[in-house]
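Please look through the structure shown here, a predicted model, before reading on.

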Amino acid sequence: MDWVWEEKDGCRFLTIPRWWTQGARVFFSSRAGGASTGPWAELNLGLHVGDEPGQVAQNRDKLARAVGLADYAWYAARQVHGNDVVVVDAQAAGTPSQPGALGDADGIATRRRGAVLMGFFADCAPLFFFAPRRQVVALAHAGWRGTVGKVAQEAVYRLEQEFDCRRGDLQVAIGPCIGVCCYQVGAEVIELVRERFGSAGEAFLGHRNNALYLDLAGLNRFILVAAGVPAQSIITSRYCTSCHPELFFSHRREAGKTGRMAGGIALR
Ligand SMILES: [Zn+2]
């Protein structure tokens, strides 16, 4: 019922076997198994983070083979920390190294078989959605802005409007993100959490040594349940990206100079 590790050709990634048996392949990469060096070692999947683009392309191809989706059509949106959710329909298909462009959005949904929805992460919360009855999948990217902007709720609503997915039938997996152990946030974030969630928001703020910390995964889980997803249908990863330098890149831990993991989901 949880995320489990899988490995192929040195490429380690998390997946959910139960979703596979129900029709969806989901993955979240680790930093193990790629060709990048320095702050991007080893499996950096993000362009525009200072790494060599040719290396990133190789890493993406390697991950695609490892997760068994190399022959699929790959798509990615330009993540802007908003709450828009786009649907993949007629956009031009891409490859793992050059995914089909979907414009600016932090959520992507599709019912198309053979389409992989991909996002890039290094602390922000990856949210994966699967509606087994309707055979629809979605992916969202939620840092503090996207979380407070309720991209998780927008994804649930979009799946309902666009594909007639019942909220009670949805399964959601939250992947590794920065934990309340490490995610210190400033006054503007705290103010927005209090404004948007009232006293319920307090449960997702940690107080230590006169500093405040945000529980991204917990707050997204709360938003999903409030939006109608059954609590027992939400899987949360136990990993904090900042606490595990051997496994994950962390934007906060490395003060911005680091690589990106990739998360993806596809109907098989
Ligand atoms: Zn931590």
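Which residue just after H6 takes a positive phi? That residue is Gly228, whose phi is about 110 degrees. Helix H6 itself spans residues 216-226, and its buried residues are Leu216, Ala217, Gly218, Leu219, Asn220, Ile223 and Leu224.

Leu224 also belongs to the largest nonpolar core, which has 43 residues, and is listed with Leu127, Phe129, Leu159, Val193 and Leu214 as those with the most contacts inside it. At least two residues of this core come from each of strands E5 (85-87), E9 (125-131), E10 (136-142) and E11 (171-174), and likewise from each of helices H3 (144-148), H4 (151-163), H5 (187-197) and H6. The largest share, 6 residues, is supplied by H4. Once its neighbours within four places in sequence are left aside, Val193 is in contact with Val148, Gly198, Gly201, Leu205, Leu214 and Leu219. Apart from this core lies another, of 33 residues, which includes Ala115, Ala173, Tyr239 and Met261.

The metal site remains to be described. The zinc ion has as its protein donors the SG atoms of Cys181, Cys182, Cys240 and Cys243, lying 2.3 Å from it, and in sequence these donor residues follow the spacing C-C-x57-C-x2-C. Because the angles subtended by the 4 donor atoms around the zinc ion run from 103 to 115 degrees, the arrangement is tetrahedral. As for accessibility, Cys181 counts as partly exposed because its relative accessibility is 39%, and Cys182 likewise counts as partly exposed, at 23% relative accessibility.

Definitions and conventions:
Residues are numbered from 1 along each chain as its sequence is written. This is a predicted model: local features need pLDDT of at least 70, side-chain atom pairs count only at pLDDT 80 or more; totals for chains, interfaces and linings use all residues. Side-chain values use heavy atoms; hydrogens and water are left out. Buried means under 20% relative accessible area, exposed over 50%, partly exposed in between (1.4 Å probe, protein chains only). Helices (H or I, at least four residues) and strands (E, at least two) are DSSP runs, numbered from the N terminus. A nonpolar core is a set of buried Ala, Val, Leu, Ile, Met, Phe, Trp, Tyr and Cys residues joined through side-chain atoms within 4.5 Å. Contact means heavy atoms within 4.5 Å. Donors are N, O and S atoms within 2.8 Å of the metal (3.2 Å for Na, K and Ca); water is not among the atoms, so sites may look incomplete. Four donors count as tetrahedral if all angles lie between 85 and 135 degrees; four count as square planar and six as octahedral if opposite donors are over 155 degrees apart and all others between 65 and 115; anything else is irregular.
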